[in-house]
Amino acid sequence: MSFADLGLSDSLLRAVEDSGYNIPTPIQKQAIPSVLMGKDIVGIAQTGTGKTASFVLPMIDILAEGRSRARMPRSLILEPTRELAVQVAENFEKYGKYHKLNMALLIGGVSMGDQLAALEKGVDVLIATPGRLKDLFERGKILLTGCSLLVIDEADRMLDMGFIPDIEEICSRLPTSRQTLLFSATMPPPIKKLADKFLSSPKSIEVARPATTNIMIEQKLAITNPRKKREVLRALIASENIKNAIVFCNRKTTVRELAESLNRHGMAAGQIHGDMDQPSRIKELDKFKAGEIAILCASDVAARGLDIKGVSHVFNFDVPWHADDYVHRIGRTGRGGATGIAITIATDSDQEAIEAIEKLTGGPIPRITDIDTAASPRDKNDRETSEAEPRARKARGDRARPARERAPRERAPRQQVEREQTPLEAAPVAEVAEAVEQAPREQAPRPERSREKPARERGGREQSGRERGPRGRQSEADTSSGIGGTQRYPAPQGIQPVDETLAPGDWAGPVPSFLSFGIPR
Ligand code: AMP
């Protein structure tokens with residue numbers, strides 16, 4: 001079956017052909033004709049399956065008829081993160097190049113003034129994160145009564161991030177006679193309930209999880225001593241035939257420190273994490289896409305759903321705390337039919353997490369037994385955090401005492417001494433404070449998910465300084481937690497707002513062209 005068999009217009013088929021795709025993926029085959037017929041869809045599919053085009057393509061043809069009106073978007077796509085929203089916008093740009101459709105993005109981290117101006121002009125497609133959309137809606141700046149097509153993308157991520165009540169409210173503001181498409185990698189009961197409530201006789205489409213079935217990704221596991229993780233990573237980078245690589249870490253601090261360390265070793269590495277503002281993230285991504293940097297150190301939230309073609313390797317510098325994050329991470333390689341290699345660096349303490357991953361992915365990950373760290377000589381200047389920490393403990397004579405036994409008040413100042421020996425010496429006070437706050441957690445056991453407060457209760461909105469980590473985990477939201485009774489420290493401040501519609505940390509600079517534009521005919 002070709003794209004021409006799906007009922008798409010000639011101009012759209014031309015745009016698809018220009019992008020180099022000839023054969024529709026399973027989700028595209030199943031979804032596109034039904035969407036064109038106006039049916040509601042529940043699509044159980046992950047990123048990497050081609051699901052974005054499965055709704056973007058038919059939407060372009062549907063929206064080709066009709067006209068937009070000021071502040072009344074004709075269609076709405078809800079995305080859990082800014083990065084995913086930008087990616088969907090890029091898809092509209094790519095496939096909509098022969099159509100004249102106006103698109104606007106409503107995402108945190110961009111001046112609201114510019115977003116409002118785009119809305120005033122009238123938009124055919126509004127791509128939004130729920131938090132920002134609700135803010136605008138509550139201020140009466142937007143009317144959803146003209147919105148006849150709604151896409152709820154990555155619904156299970158929305159659930160993890162505490163967005164479901166926002167989505168319910170948004171759905172109830174849309175006309176009841178609308179078409180609704182819901183996509184989710186999994187179908188937990190709250191998502192099923194949402195679908196039952198807001199979709200009408202939907203067609204259910206399920207496609208295989210790409211990573212669990214993606215034989216194009218070769219997976220490997222390197223088990224090492226915690227002190228040698230950086231050395232092992234460098235050796236692997238040196239020994240593998242790497243075109244480019246994304247290196248995932250569990251914490252923002254690790255992302256920063258690892259990127260600095262790799263650069264000290266002459267490896268061009270960039271970084272992307274939740275504390276960076278939107279322009280900085282885009283800049284780093286562009287450098288990586290352009291090949292100016294071969295290695296991108298990343299945290300989960302910042303990298304979620306990123307669609308970068310031709311990533312040859314994914315490294316897990318830290319084993320992810322949740323098995324499904326492993327699937328998401330390694331899915332950054334082996335995309336669009338290409339092959340990829342995913343190598344996870346683990347220590348003995350990761351055994352439980354590895355078992356969960358192997359259970360989810362359906363088999364043991366082959367172990368690498370012959371890592372030649374001689375190819376990666378130690379550098380005296382590279383003071384590895386994981387090495388400095390046990391040395392400091394040994395000096396204090398409290399080596400045998402696990403972190404959880406020590407009183408919280410005792411921990412903070414002691415860790416401060418340890419962290420003073422790290423490359424964060426020169427970092428701003430808030431950053432050092434954050435590292436001090438994180439350090440005890442690196443030793444403490446992972447908190448039980450059930451005990452974590454829901455994202456909503458923690459008071460986070462979305463992204464950046466206000467960013468919530470998925471499922472309330474500590475990886476990205478690590479400035480806002482009090483795990484282990486440690487003291488709380490403020491998140492580093494971003495650019496001070498100049499626009500009263502901006503929140504602290506929002507970007508007040510120029511808006512990149514793709515954030516608000518019309519697609520030329
Ligand atoms: P998605 O699941 O939407 O994140 O898409 C995953 C990747 O597949 C992206 O790089 C798309 O550009 C690419 N892609 C989408 N449709 C096709 C297709 N029909 N053939 C090959 N690659 C595709």
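Helices (H or I, at least four residues) and strands (E, at least two) are DSSP runs, numbered from the N terminus. This is a predicted model, in which local features need pLDDT of at least 70 and side-chain atom pairs count only at pLDDT 80 or more, while totals for chains, interfaces and linings use all residues. Residues are numbered from 1 along each chain as its sequence is written, and side-chain values use heavy atoms, with hydrogens and water left out.

**Overall picture**

The protein has 19 helices and 15 strands. Of its 521 residues, 56% are buried, where buried means under 20% relative accessible area, exposed means over 50%, and partly exposed lies in between (1.4 Å probe, protein chains only). Among the contacts with a separation of 6 or more, 77% are accounted for by residues 24 or more positions apart, a contact being heavy atoms within 4.5 Å.

Helix H2 spans residues 26-36, and its residues Ile27, Gln28, Ala31, Ile32, Ser34 and Val35 are buried. The buried residues of this helix pack against strand S1 (41-44), helix H3 (51-63), strand S6 (179-184) and strand S7 (203-206). Just after H2, Gly38 takes a positive phi of about 85°.

Val125 belongs to strand S4, which covers residues 125-128, and Val125 counts as buried because its relative accessible area is 1%. Leaving aside its neighbours within four places in sequence, Val125 is in contact with Met59, Leu63, Ser75, Ile77, Phe92, Asn102, Met103 and Ala104. The C-alpha atoms of Val125 and Leu76 are separated by 5.9 Å, although the two residues are 49 residues apart along the chain.

Arg71 has a phi near 60°, a positive value in a residue other than glycine, and Arg71 is found in the loop between H3 and strand S2 (75-78). With a relative accessibility of 35%, Arg71 counts as partly exposed. Glu154 likewise has a positive phi, near 50°, in a residue other than glycine, and Glu154 lies in the loop between strand S5 (149-152) and helix H7 (155-160). Glu154 is buried, its relative accessible area being 4%.

**Salt bridges**

Side chains of opposite charge can pair when their charged atoms come close. A salt bridge is taken here as a side-chain nitrogen of Lys or Arg within 4 Å of a carboxyl oxygen of Asp or Glu, and a search of the whole structure finds 22 salt bridges.

| Pair | N to O distance |
|---|---|
| Lys134 and Glu138 | 3.4 Å |
| Arg157 and Asp160 | 3.8 Å |
| Lys229 and Asp318 | 2.7 Å |

Lys134 and Glu138 are separated by about one helical turn because they are four residues apart in helix H6 (residues 130-138). Lys134 is buried, with a relative accessible area of 15%, whereas Glu138, at 54% relative accessibility, counts as exposed. Arg157 and Asp160 both lie in helix H7, three residues apart, which is about one turn of the helix, and both Arg157 and Asp160 are buried.

The salt bridge between Lys229 and Asp318 links distant parts of the chain, with Lys229 in helix H11 (residues 229-239) and Asp318 in the loop between strand S12 (313-316) and helix H15 (323-330), 89 residues apart. Lys229 is buried at a relative accessible area of 12%, and Asp318 counts as buried at 11% relative accessibility. Salt bridges that share partners also join Lys134, Glu138, Asp166, Glu169 and Arg173 into one network.

**A negative surface patch**

Glu90, Glu93, Asp286 and Glu292 form a negative surface patch. Patches are made of residues with over 30% relative accessible area and no salt bridge, like charges being joined within 9 Å and nonpolar side chains (Val, Leu, Ile, Met, Phe, Trp, Tyr) within 5 Å. Lys and Arg count as positive and Asp and Glu as negative, while His and the chain ends are not counted; the place of a charge is taken as NZ of Lys, CZ of Arg, CG of Asp or CD of Glu.

Notes
Areas by Shrake-Rupley, 256 points an atom, 1.4 Å probe, with all protein chains shown as cover.
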